There are 2 protein chains.
Amino acid sequence: MSDLLERLRDRGWRLTAQRRVVAEVLDGDHVHYTADEVHARAADRLPEIARATVYNTLSELVALGEVLEVSTDGRAKRYDPNARHTHQHLVCSRCGTIRDVHPTGDPLAALPENERYGFAIAEATVTYRGVCPNCSGS
Amino acid sequence: MSDLLERLRDRGWRLTAQRRVVAEVLDGDHVHYTADEVHARAADRLPEIARATVYNTLSELVALGEVLEVSTDGRAKRYDPNARHTHQHLVCSRCGTIRDVHPTGDPLAALPENERYGFAIAEATVTYRGVCPNCSGS
DNA sequence: CACTACATTGGACTTTGTCTAAGTCAAGAA
DNA sequence: TTCTTGACTTAGACAAAGTCCAATGTAGTG
């Protein structure tokens, strides 16, 4: 993802300091941050960055298909920089951490025509929930 | 679900007018209401019912396994009275309405052992997203 | 019927996110 | 290089969804 900024500029994205730090935060560790976590980390480098800017930038990255939005349960949305390969998520029901996983097969194929109720189905997401090794010990 | 109240009383659930109307709202149509929709419908029959009571009651019904909580994207959680048969959900990405669907196969089986990272996986939920016939027309 | 533990109430509060008006600035033009 | 301009950013108000709490009410037991 090191050429993310380049790809975006090629697509006419105006490059600002704020957008750069947000992209760098996502690029750094391969973790799934919430918007506020992204904001906190971006503010380490650019203290005056506004929350609204982080939200705007994240939405744009999602719209551009560079980042995925993952919402688990009622908690804050998390942002997944690994939008290149399709994958699903494994969520710890205690601590909320997320791991990317790659199940076999296509869940879309498992939904028979007579169960589609006329919807134009665009995607199927699978969420596995369980207790991670870290949390099961305690 | 007509004997829901009876089942709950047998399990030591204290039966109040508020809890009764909440249960009746869920029992009525087989729709997936948000907490506020449940509150509005409950208030038709019991005008002084508090929002907090509806939230409390819904949480208890979920904890007791009588109702499922479905959270799609950043929207309000919806409550699914059909907790008896396992099923998945089809969500309209415009209006947010939900339909129960029954895909073939077991998504848990699609996750290889080496992708489980030591988690004790308890469940797999599949969410299909698309535009419903109602929204695609306009 | 009285008692008491549990349920309900209303309103303040929190979290997550959106909106807006005014100011700022990146990038192309001259 | 400097100018121009429309897109970007900011701070703070606002909104939606949900939680918390102290005071009050009540279901069910004995």
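1. The interface. In this model, which is predicted, 37 residues of chain B are in contact with 37 residues of chain A, contact meaning heavy atoms within 4.5 Å. Chain B and chain A bury about 3000 Å² between them, and 58% of that lies on carbon and sulfur atoms; buried area is the accessible area (1.4 Å probe) that two parts lose on being put together, summed over both. On the side of chain B, the residues that lose the most area to chain A are B:Phe119, B:Tyr128 and B:Arg129, which together make up 21% of what that side buries.

2. Conventions. Residues are numbered from 1 along each chain as its sequence is written, and chains are lettered from A and ligands numbered from 1 in the order in which they are written. Because the model is predicted, local features need pLDDT of at least 70 and side-chain atom pairs count only at pLDDT 80 or more, while totals for chains, interfaces and linings use all residues; side-chain values use heavy atoms, with hydrogens and water left out.

3. The fold of one chain. Chain A has 5 helices and 6 strands, these being DSSP runs numbered from the N terminus, with helices (H or I) of at least four residues and strands (E) of at least two. Along the sequence, chain A follows the pattern α-α-β-α-α-β-β-β-β-β-α, and its C-alpha atoms fill a box of roughly 50 × 45 × 25 Å, taken along the principal axes.

4. An open sheet of 6 strands has the order E5(A)-E4(A)-E6(A)-E6(B)-E4(B)-E5(B), with mixed pairing; two strands pair if DSSP finds at least two bridges between them. E5 of chain A and E5 of chain B stand at the edges, each with a single partner strand, so one side of each is left without a neighbour in the sheet. Neighbouring strands of this sheet are turned by 30° against each other on average, direction ignored. Between the chains, E6(A) and strand E6 (residues 120-131) of chain B run antiparallel and are joined by 11 bridges, and A:Val131 has B:Ala120 as its bridge partner in E6(B).

5. The hairpin of chain B. Strand E4 (residues 88-92) and strand E5 (residues 98-101) of chain B run antiparallel and are joined by 4 bridges, with B:Val91 opposite B:Ile98 in E5(B). The hairpin has 5 residues between the strands, and in it B:Gly96 takes a positive phi near 90°.

6. A further sheet. In chain B, an open sheet of 3 strands has the order E1-E3-E2 with antiparallel pairing. Strand E1 (33-34) and strand E2 (68-70) of chain B stand at its edges, each with a single partner strand, so one side of each lacks a neighbour in the sheet. E1(B) pairs with strand E3 (residues 78-80) of chain B over 2 bridges, and B:Tyr33 stands opposite B:Tyr79 in E3(B).

7. Helix packing. Helix H3 (residues 35-45) and helix H4 (residues 51-63) of chain B pack at an angle of about 115° with their axes 9 Å apart; axes are lines fitted to C-alpha atoms, for helices over the stretch in contact, and angles run from 0 to 180 degrees between N-to-C directions. Here B:Ala35, B:Asp36, B:Val38 and B:His39 in H3(B) meet B:Arg51, B:Val54, B:Tyr55 and B:Leu58 in H4(B).

8. One loop residue. A:Pro103 lies in the loop between strand E5 (98-101) and strand E6 (120-131) of chain A. Leaving aside neighbours within four places in sequence, A:Pro103 is in contact with A:Gln88 and A:Tyr128, and also with B:Ala110, B:Leu111 and B:Pro112.
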